[in-house]
Amino acid sequence: PLGLALTDRDGRFQFMNAAFEATAGLGAGTAAPHPTDLVADEDKPRVSDAVRRAASGSGKPRDLRVRLRVRPDEETILTVARAEGLGDAAAILSLRDAREQMK
């Protein structure tokens, strides 16, 4: 299953499905306030920039290879895109295992 999440214009999570929570290493019902809270320190600036651009409508969908705090030795692909027609949601994010992408 594909992990999906929505953020508002400020980049705060509004929703995440169970697959996103599991991939991000969050317990059920435990939400991080912002996508940058999920990634290793070196990936925070790129994630913040991608979410900001998507939320403002100035960026194209982007695939970022990131390392999650819970699995710093494995790459995960974080896709960030603009969310349109979803109420207050401004960006949609998905998480996939980078190893699956290589197959």
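What volume does the largest cavity have? In this predicted model, local features need pLDDT of at least 70 and side-chain atom pairs count only at pLDDT 80 or more, while totals for chains, interfaces and linings use all residues. Residues are numbered from 1 along each chain as its sequence is written, and side-chain values use heavy atoms, with hydrogens and water left out.

The largest cavity has a volume of about 40 Å³. A cavity is a set of points on a 1 Å grid over the protein atoms alone where a 1.4 Å probe fits but cannot get out, and its lining residues have an atom within 4 Å of a point; points are joined across faces, edges and corners, and the volume is the space filled by probe spheres set on them. The search of the whole structure finds 1 cavity of 30 Å³ or more. Its lining consists of Phe 20, Pro 35, Leu 38, Val 39, Val 47, Val 66, Leu 68, Leu 78, Leu 93 and Leu 95. Strands E3 (62-68) and E5 (91-97) are the elements that give two or more residues to this lining (strands are DSSP runs of E, at least two residues; helices are runs of H or I, at least four).

A nonpolar core is a set of buried (under 20% relative accessible area, 1.4 Å probe, protein chains only) Ala, Val, Leu, Ile, Met, Phe, Trp, Tyr and Cys residues joined through side-chain atoms within 4.5 Å. Of the 21 residues in the largest such core, those touching the most other members include Phe 20, Leu 38 and Val 47. Helix H2 supplies the largest share, 4 residues.

Technical notes: 1 Å grid on protein atoms, 1.4 Å probe; cavity = no way out; pocket = protein on both sides within 12 Å on 5 of 7 lines; lining within 4 Å. Buried < 20%, exposed > 50% of the residue type's maximum accessible area, 1.4 Å probe, protein only.
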